[in-house]
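Work through the exercises below with the model open. Try each task before reading its solution.

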Amino acid sequence: MVTTPVRPAKLRDAAEAIQGSTGLRVEIIGGILLMSPPRRGKHAGTVRHLRERIGARLPGLGAYETSSVALPGDGDDYATPDLLVLPVEWEQQDGWLADPRDVALAVEVAPGPSPVSHVATKAAWYAAAGVAAFLALTPRDGAWMLYTHPRDGEYQGVLHGKYGEPVPLTAPLPAELDTSGLPLYAPRR
């Protein structure tokens, strides 16, 4: 992941230009442009498995890829998680930034060699935004972290588990999310 500082008034313009010219996924997290390369197959496979496992059990909610959520009070700060669980009314919206109060769950799959810093940065951002629950998966070591109950910019609840152990979700989500059989990245050489 590459970070690039830009003057605050031009962040969204810069993000859109970079995304349009390079195809990189671009987010603005805490006033910094974060760019990620296209997802590798196992990353995309993890997201597909999660969407299928969550999506079929969500009355009134849908699991969406490539949807973004705004940081309240800052129109230039937004995140685009791998998966976002929102009310199905999201499909009728003309805007592209979801309200964080509508997000039942944001899911991020750590992209590679530095999952700890990636997860910590995203957890802090989602807590500050007031997203109800954030699930981070690290296919490098087959682990998950569930962050819940944001208050005063921090998550009050944090659970850790390994692939194969179910993630205990909170209402309005299904009771558990099965993590067995999720793809793992090959060991580093």
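This is a predicted model: local features need pLDDT of at least 70, side-chain atom pairs count only at pLDDT 80 or more; totals for chains, interfaces and linings use all residues.

**Exercise 1. The aromatic rings**

Task: Classify the ring pairs Tyr 126–Phe 134 and Tyr 147–Tyr 155.

Solution: 
- The whole structure holds five aromatic pairs.
- Apply the angle limits: under 30 degrees is stacked, over 60 is edge-to-face, and the rest is tilted.
- For Tyr 126 and Phe 134, the ring centres are 4.8 Å apart and the planes meet at 40°, so this pair is tilted. Both residues are buried.
- For Tyr 147 and Tyr 155, the centres lie 5.8 Å apart with planes at 45°, so this pair is tilted.
- Now test burial, which requires under 20% relative accessible area. Tyr 147, at 13%, is buried. Tyr 155, at 11%, is buried.
- Step back to the group. Ring pairs join Trp 125, Tyr 126, Phe 134, Tyr 147 and Tyr 155 into a cluster.

**Exercise 2. The salt bridges**

Task: Locate the partners of Arg 48, Arg 51 and Lys 122, and state how exposed each pair is.

Solution: 
- The structure has four salt bridges.
- Arg 48 meets Glu 52 at 3.0 Å, N to O. Both sit in helix α2 (residues 41–55), four residues apart, about one turn of the helix. Arg 48 is partly exposed at 36%, and Glu 52 is partly exposed at 44%.
- Arg 51 meets Glu 65 at 2.0 Å, N to O. Glu 65 is in the loop between β4 and β5 (68–71) while Arg 51 is in helix α2, so the pair ties together parts 14 residues apart in sequence. Glu 65 is partly exposed at 35%, as is Arg 51 at 29%.
- Lys 122 meets Glu 108 at 2.9 Å, N to O. Glu 108 belongs to strand β9 (residues 105–109) and Lys 122 to helix α3 (residues 115–129). Both Glu 108 and Lys 122 are buried.

Technical notes
Residues are numbered from 1 along each chain as its sequence is written. Side-chain values use heavy atoms; hydrogens and water are left out. Rings of Phe, Tyr and Trp (its six-membered ring) pair if their centres lie within 6.5 Å; planes under 30 degrees apart count as stacked, over 60 as edge-to-face and the rest as tilted. Buried means under 20% relative accessible area, exposed over 50%, partly exposed in between (1.4 Å probe, protein chains only). A salt bridge is a side-chain nitrogen of Lys or Arg within 4 Å of a carboxyl oxygen of Asp or Glu. Helices (H or I, at least four residues) and strands (E, at least two) are DSSP runs, numbered from the N terminus.
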